[in-house]
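Here are some notes for a colleague who is opening this structure for the first time. Please keep the view at hand while reading the points below.

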Amino acid sequence: MMDISQHDRDAVLALVTETLRDVGRTTPPPETEQVDWLRGNAEWSDPDANGWVTLAPAESTVWVPKALVGWQVALESRDPLAPEWLEYPHLSLTRWPAVEAAVHGLYAAGEH
């Protein structure tokens with residue numbers, strides 16, 4: 001079992017959340033890519049006391065990458081992350097090299 005500090009996890013979670021916010025879109029992605037995106041009626045909330053933002057129900061439609069949503073949920077959970085998640089095609093972070101490097105760094109830090 002990996003021993004990941006809450007501080008390290010929070011730092012990577014902040015990067016994932018920021019990236020999600022940056023890549024979320026109101027126009028649909030190309031039809032060939034839509035399987036890798038989630039669509040919902042949502043908007044970004046105002047930052048809370050810790051600076052976190054989340055998707056909140058709204059009238060506008062937002063598209064967000066499934067992979068980033070999956071990692072955000074995993075990082076928010078209290079259960080240890082499984083490094084194998086990086087191997088799953090639908091959870092791949094290769095489109096976001098900074099996020100991928102941060103997740104790899106999180107695993108490396110947890111192994112020490």
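1. Leaving aside residues up to four places away in sequence, Val-99 touches Leu-15, Val-16, Thr-19, Leu-68 and Leu-93. This contact list, like everything that follows, is read from a predicted model.

2. Val-99 also belongs to the largest nonpolar core, which has 20 residues, and it is among the members that touch the most others, together with Val-16, Leu-68, Trp-71, Leu-93 and Val-103. The elements that contribute two or more residues to this core are H1, strand S2 (55–65), H2 and H3. The largest share, 5 residues, is the contribution of H2.

3. How many of the 11 residues of H2 are buried? The number is 8, so this helix is largely enclosed by the rest of the structure. The buried residues of H2 are Ala-67, Leu-68, Val-69, Gly-70, Trp-71, Gln-72, Ala-74 and Leu-75.

4. Val-12 deserves a look as well, and its place is in helix H1, which covers residues 6–23. With a relative accessibility of 7%, Val-12 counts as buried because the limit for that class is under 20%. When residues up to four places away in sequence are not counted, Val-12 touches Leu-75, Ala-102, Val-103 and Leu-106. Between Val-12 and Glu-100 the distance from C-alpha to C-alpha is 9.7 Å, although 88 residues separate them in sequence.

5. On charged pairs, the general point is that side chains of opposite charge can pair when their charged atoms come close. The count of salt bridges here comes to 1, and it is formed by Glu-33 with Arg-95, whose closest N and O atoms are 3.9 Å apart. Glu-33 lies in the loop between H1 and strand S1 (37–44), while Arg-95 lies in the loop between helix H2 (66–76) and helix H3 (97–110), so the pair ties together parts that are 62 residues apart in sequence. With a relative accessible area of 28%, Glu-33 is partly exposed.

6. For the overall layout, the chain has 3 helices and 2 strands, and from the N terminus on its elements run α-β-β-α-α. Of its 112 residues, 32% count as buried. Where contacts join residues at least 6 apart in sequence, 63% of them link residues at least 24 apart. The chain exposes about 7,000 Å², and carbon and sulfur atoms supply 52% of that area.

Terms used. Residues numbered from 1 in each chain as written. Predicted model: local features only at pLDDT ≥ 70, side-chain atom pairs only at ≥ 80, totals over all residues. Heavy atoms only, no water. Helix = DSSP H or I, 4+ residues; strand = E, 2+ residues; numbered from the N terminus. Buried < 20%, exposed > 50% of the residue type's maximum accessible area, 1.4 Å probe, protein only. Contact = heavy atoms within 4.5 Å. Salt bridge = Lys/Arg side-chain N within 4 Å of Asp/Glu carboxyl O. Areas by Shrake-Rupley, 256 points an atom, 1.4 Å probe, with all protein chains shown as cover. Core = buried A, V, L, I, M, F, W, Y, C linked by side-chain atoms within 4.5 Å.
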